[in-house]
Amino acid sequence: EAVGLYNLGQSCCLNSLLQVFLMNIRFTRILRRITVPPSPAQRRNNVPYQMLLLLEKMQCGKCKAVGPTDLAWCLSEHRVKLFVQHDAAQLFLTLWNLLKKQMKKPELVEELSDLYTICIQEHLACQRCSFEIKSNSTMLTLPLPVLDANSYRLKTLEDCLQYFFHPEELTGQNMCFCQQCGKKTTFLQSMKLVHVPQTLTLHLKRFCFERSSHTHKLSHSLPFPQELDLREVLTGDQCLADDREKATWQYELFAVVAHSGSSSCGHYCAYIRSLTECKWYCFNDSEVCQVSWDDVKCTYGHSNLYWRETAYLLFYMKKHPQ
C-alpha cells in the first residue's frame, strides 16, 4: 500500500522526489544491497542507508504516512538546506550525487549510473573549414526548453525533444575560435543522443529568467504521452546508436513531479504509476490517493490557470530493458 510522507516544513519537494525514488523497484533493488556503515555516526550521515531505513519504515509500518526526519537531518549534514523552497530538478541532482558518492560498492555505483545516466555527444563544426570538435558528456536529466529561440511556445513534449537536438548556428557574439582558421568563425552546434538509461528523466524548463533578474513560470499547456518511442521522435542525424541500442528506446511514463503556484511561492506533489499494480497514485505529502490518467493529464498546464499543478519533471521507464 502506498504510504505518504509528513511535511517537515517546506519539504514537499523532497517528499515528492523520495517517493519517485522509492517507488522505482529497480532503484530499491540497488538500495537493498548497500554496505551498512559500521559506526552509528557514519550511519546517521549516510544518505543511502537513511533512505533504506525510510523505505523499511514505509513498508513495515501500519501508518498512512511516516516522517522522513532522520533522512532530512542527514541531508542537512551534507549542506542540503531544510525549511526552504527547493527546485525539484536541482534537488534531484543533489540527491543522486550524494547516493552515488556514498555507495561504496563499485558495482552498485555502476548500476545506479546505468539506471539514470544519459549519454550525449556534442558536435561543434566550423562553417568556414572542415574543423570539428566532438565531446562526450553524461547528464542526469534532459533540460528541455518549452519555448523556441523566438519565444514561441512548443506545443508537445515531442516538439521539445526535437528542438533540444536541433542544430544551432553560433554567430555574432557566440562565434567560436577555430584552430584551423586561426580566428573566430561561425560554428554549427548539435547534440546527438548516444545512450539512454532504464529511467529517463526529462526536465521541462518552466521557470524563465528575464533580464530584470525576475523569474516567472511558464504554465501553458504542454501534452506528454504515456508511451514514448524515441526512434519516432528523433531523426537519424540526432542519434549515435546502433539498431540494437535503439530497439530499447521505447518508454512508458512512470512518474510526474508537478509544481503548483508561482516561482517564488509554490508546492510540489508527485503522480506515480505503481509498477506492481499498474495504477496511478498522487503523493501529496502525507496524503496519498489513487487517481486516473485524466487526473495526471491535468498537469499538462494551462495559461489561464497559472496557480494550478504543472508538470516539471517527467520520469519514463523502458518498456523492454536489456
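Mentor: Let's start with who lines the second largest pocket: 9 nonpolar, 5 polar and 3 charged residues. Here Ala, Val, Leu, Ile, Met, Phe, Trp, Tyr, Cys and Pro count as nonpolar, Asp, Glu, Lys and Arg as charged, and the others, Gly among them, as polar. Before going on, bear in mind that this is a predicted model, where local features need pLDDT of at least 70 and side-chain atom pairs count only at pLDDT 80 or more, while totals for chains, interfaces and linings use all residues. Residues are numbered from 1 along each chain as its sequence is written, and side-chain values use heavy atoms, with hydrogens and water left out.

The pocket holds about 400 Å³ of space. (A pocket is an open set of points on a 1 Å grid over the protein atoms alone, where a 1.4 Å probe fits, with protein on both sides within 12 Å along at least five of seven lines; lining residues have an atom within 4 Å of a point. The volume is the space filled by probe spheres set on the points, which are joined across faces, edges and corners.) Of its 17 lining residues, Glu1, Leu22, Met23, Gln59 and Thr276 sit closest to the centre. Two or more lining residues come from each of α1 (12–22), α2 (25–31) and α4 (47–60), and α4 gives the largest share, 3 residues. Helices are DSSP runs of H or I, at least four residues long, numbered from the N terminus.

Now look at how α4 packs. Its axis lies 11 Å from that of α1, at an angle of about 80°; axes are lines fitted to C-alpha atoms over the stretch in contact, and angles run from 0 to 180 degrees between N-to-C directions. That angle is why α1 counts as roughly perpendicular to α4, a label that covers 65 to 115 degrees. Leu18, Gln19 and Leu22 of α1 meet Met51, Leu54, Leu55 and Met58 of α4, where contact means heavy atoms within 4.5 Å. That set splits into 6 nonpolar, 1 polar and no charged residues.

α4 also packs on helix α6 (residues 88–102), with the axes coming within 8 Å and crossing at roughly 105°, so α4 and α6 are roughly perpendicular too. Val47, Pro48 and Met51 of α4 touch Leu98, Leu99 and Gln102 of α6, and this contact has 5 nonpolar residues, 1 polar and no charged. Notice Met51 of α4: it takes part in the contact with α1 and in the one with α6.

Key
Angles under 35 degrees count as roughly parallel, over 145 as roughly antiparallel, 65 to 115 as roughly perpendicular and the rest as oblique.
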